[in-house]
Amino acid sequence: MGYYLEPRVPLKLWRFAEDRRSRLILALDFPDRSSTGGRSRSILDGCFRLLDSLKEYIVGVKIGFPLLFSIGVDGVKELVEDFKKELYLLSDFKIGDIPEVARYAIKSLEDTGFDGATVHLFQGGLRRTVGDSINLFGVLMMSHPEAVLFEKNFKELIYEASEARVDGVVIGATKKEYIQDVRKKLPQKTILCPGIVTQGAEPSQALRYGGDFEIVGRAITASTDPVISTRKLLEVERSVLQT
Ligand code: BMP
């Protein structure tokens, strides 16, 4: 198995970004369950409908534990299979384990068809875990206020991100000064920023400070009109990208 040796640009993500003039990744944690009675098949059908209605505006979709436990592994595989050609598929399980187990998890996500995976940087040993083709994104600074250990260890985490061959990093959009700092220190890495609207960061704020992509969940999934909400976010992003 030819594990890759150097960080790479997540090309598929950037290609969609250019084609669609969008930097939006949907966090599909809590799709609308109100009309589904909580049945996993109905929730999955709702995900298909939502992604079909949004796929021309977003570049990717992020899937983590909330959706996995709503629709199961087979449901996730169906979504990945169906949208692989049209969306960047980012798994978000923030892997943190001994290298043998982390490597197994990353390989399994790659085999499922995911294009990217989030990993913790604290664990060490990431050089032994990278897969053949999947992009890795190291969690460098989390968006919630209690993420103080990330702040205390920020310099070390930046160093680990540069050494560990991750292709990108995750930095909360709510922590704009950290985005600015990392943009300078890790100019080659793709920066993903969650925390828009519901957690307090303004739309496009992360892009203005040097972030590359904005991850948005509930501001879209809990909206009464997800398409309109997505288009509004995109409009603001485009106005920033043009300047
Ligand atoms: P929302 O827009 O609904 O707040 O969702 C944000 C998404 O980004 C969630 O899926 C969450 O797990 C993820 N996320 C985050 O909010 N902050 C981080 O620091 C890292 C994350 O992955």
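**Burial and overall build**

I began with burial: 54% of the 243 residues in the protein are buried (buried means under 20% relative accessible area, exposed over 50%, partly exposed in between, with a 1.4 Å probe and protein chains only). I noted that this is a predicted model, in which local features need pLDDT of at least 70, side-chain atom pairs count only at pLDDT 80 or more, and totals for chains, interfaces and linings use all residues. Residues are numbered from 1 along each chain as its sequence is written, and side-chain values use heavy atoms, with hydrogens and water left out.

Next I looked up the secondary structure and found 10 helices and 8 strands (DSSP runs numbered from the N terminus: helices are H or I with at least four residues, strands are E with at least two).

For size, I read that the C-alpha trace spans about 45 × 40 × 35 Å along its principal axes.

**Aromatic rings**

How many aromatic pairs are there? I got 6, counting rings of Phe, Tyr and Trp (its six-membered ring) with centres within 6.5 Å; planes under 30 degrees apart are stacked, over 60 edge-to-face and the rest tilted.

I opened the pair of Phe65 and Phe93, which is edge-to-face with 4.8 Å centre to centre and 75° between the planes. Phe65 sits in helix α3 (residues 65–83) and Phe93 in strand β3 (residues 88–95), 28 residues apart, and the pair links distant parts of the chain. Phe65 is partly exposed at a relative accessible area of 42%, whereas Phe93 is buried at 16%.

Then I turned to Phe154 and Tyr178: their ring centres lie 4.6 Å apart with the planes at 80°, so this pair is edge-to-face. Phe154 belongs to helix α6 (residues 154–163) and Tyr178 to helix α7 (residues 176–185), 24 residues apart, another link between distant parts of the chain. Phe154 counts as buried at 7% relative accessibility, and Tyr178 is buried with a relative accessible area of 16%.

Last, I jotted down one aromatic cluster, formed by Phe65, Phe69 and Phe93.
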